[in-house]
Amino acid sequence: MIEKHIVIEDIDPVMFYGVNNCHLQMVKSLFPKLRIVARDNVIRIQGSAEDIAKAEEDIENMRRHILKYNTIADEDILDIIKGKQPKNDASKDVVIYNMSGKAIKARSENQQKLIDAFEQNDMLFAVGPAGSGKTYLSIALAVKALKEKTAKRIILSRPAVEAGEKLGFLPGDMREKIDPYLQPLYDALQDMIPAVKLQDMMDKDIIQIAPLAFMRGRTLNDAIVILDEAQNTTTAQIRMFLTRMGWNTKMIITGDLTQIDLPRQTMSGLKEAISILNGIEGIGIINLNQKDIVRHKLVTRIVEAYEQKEKNEKAAREAAKQEETTK
């Protein structure tokens with residue numbers, strides 16, 4: 001009889017063991033000749049070399065299943081241990097799976113263009129209205145790169161620009177004041193990475209979330225770097241951010257040019273950057289629109305209504321200008 005220790009890495013052990021250790025108990029029942037004891041993320045197995053080798057292989061396949069699908073069911077464990085073919089992806093275009101095991105993938109033609117452009121370019125601009133999936137899909141691509149070990153860390157940033165509210169009125173120190181601006185990024189990550197694992201990654205700086213001002217002076221290597229709400233950057237800010245790019249790094253810059261919260265007469269750095277960088281090799285620019293909105297159907301109608309209002313106001317201004325010149 002020999003003993004083997006298996007360390008469960010990259011996943012939440014609680015998910016692996018199941019509620020009240022139900023998954024672990026199933027594994028034990030399927031390997032009656034082995035003595036299996038688990039503590040924290042270490043599984044200790046005693047038995048014959050042949051039985052341990054089979055159990056080790058199956059446990060690794062279970063780990064990979066959870067890493068890919070973010071979930072595992074009793075039937076999945078049975079299929080893995082009995083050597084049956086694992087379930088196929090619903091689509092080859094799946095980016096990753098969320099915490100409930102639901103596939104995250106493109107839901108429109110432009111979203112698919114975003115995914116393709118990420119593979120083909122080192123820098124990507126994704127511009128579109130609220131709810132078009134630009135931020136969520138970008139974070140999904142970053143998490144996928146981290147899981148596949150093509151990147152060592154994820155860096156997420158946003159400019160802390162006030163949209164009517166004042167930072168000074170928020171409670172707490174500067175970090176606590178800034179956190180509400182970064183909450184959408186936390187929300188997306190929590191939908192894709194187990195809470196315990198996410199906290200561990202943040203503690204180890206594998207995933208970093210910081211306001212744009214904290215990027216100054218850094219060189220960002222071996223990372224997927226996402227700048228969200230980039231329409232609220234100034235020319236100097238976005239130039240500073242883009243020049244942080246280091247070796248083996250990809251950048252995604254997202255924004256909505258219809259929701260600029262900068263002071264009047266201040267040029268949006270995102271708008272200017274797209275104009276200047278358009279056509280440069282290695283830089284992709286994807287424009288999403290209301291057809292790509294995947295939130296509640298009312299969001300699409302709201303976006304269309306505001307766009308129509310802006311068109312009417314523009315037409316009225318042009319008509320007034322034309323009338324003035326004819327006088």
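Leaving aside neighbours within four places in sequence, which residues is Ile207 in contact with? The views below start there. This is a predicted model, so local features need pLDDT of at least 70 and side-chain atom pairs count only at pLDDT 80 or more, while totals for chains, interfaces and linings use all residues. Residues are numbered from 1 along each chain as its sequence is written, and side-chain values use heavy atoms, with hydrogens and water left out.

**View 1. Ile207 and the largest nonpolar core.** Beyond those sequence neighbours, Ile207 touches Leu146, Ile154, Leu189, Ile193, Leu198, Met201 and Met202 (contact means heavy atoms within 4.5 Å). The largest nonpolar core has 38 residues, and Ile139, Leu189, Met192, Ile207 and Ile209 have the most contacts inside it. A nonpolar core here is a set of buried Ala, Val, Leu, Ile, Met, Phe, Trp, Tyr and Cys residues joined through side-chain atoms within 4.5 Å; buried is under 20% relative accessible area, exposed over 50%, partly exposed in between (1.4 Å probe, protein chains only). Among the elements that each supply at least two residues of this core are helix H6 (134-147), helix H7 (174-190) and strand S8 (207-211). H6 gives the largest share, eight residues. Helices (H or I, at least four residues) and strands (E, at least two) are DSSP runs, numbered from the N terminus. A second, separate core of 24 residues includes Phe16, Ala55, Ile66 and Ile72.

**View 2. The six-stranded sheet.** Six strands line up as S8-S7-S9-S10-S6-S11 in an open sheet with parallel pairing (two strands pair if DSSP finds at least two bridges between them). S8 and strand S11 (283-287) sit at the edges with a single partner strand each, so one side of each has no neighbour in the sheet. From one strand to the next, the twist averages 15°. Five bridges join S6 and S11 in the parallel sense, and Val127 has Asn287 in S11 as its bridge partner.

**View 3. Helices on that sheet.** H5 packs on the sheet, touching S6, S9, strand S10 (250-255) and S11, and its direction makes about 170° with that of S11. Helix H10 (residues 269-277) lies across S6, S10 and S11, at about 125° to S6. For these angles, axes are lines fitted to C-alpha atoms, for helices over the stretch in contact, and angles run from 0 to 180 degrees between N-to-C directions.

**View 4. Thr233, tucked into a loop.** Look for Thr233 in the loop between S9 and helix H9 (235-242). Thr233 counts as buried because its relative accessibility is 0%. A polar atom of its side chain lies 2.7 Å from the backbone oxygen of Ala230. Leaving aside neighbours within four places in sequence, Thr233 has contacts including Pro159, Leu212, Leu262 and Met267.

**View 5. The three-stranded sheet.** Here S1-S3-S2 is the strand order of an open sheet with antiparallel pairing. Strand S1 (2-7) and strand S2 (35-39) are the edge strands, each pairing on one side only. S1 and strand S3 (residues 42-47) are joined by six bridges, with Val7 opposite Val42 in S3. H3 lies across S1 and S3, running at about 155° to S3.

**View 6. The buried side of H4.** In helix H4 (residues 74-81), Asp76, Ile77, Ile80 and Ile81 are buried. They are on the same side of H4 because they cover an arc of only 125° around the axis (the arc is that of the directions from the helix axis to the C-beta atoms). The buried residues of H4 pack against helix H2 (22-30) and helix H3 (49-69). Just after H4, Gly83 takes a positive phi of about 80°.

Conventions: A polar contact is a pair of N or O atoms within 3.5 Å; within protein, one must be able to donate a hydrogen and the other to accept it, and residues adjacent in sequence count only if both atoms are side-chain atoms.
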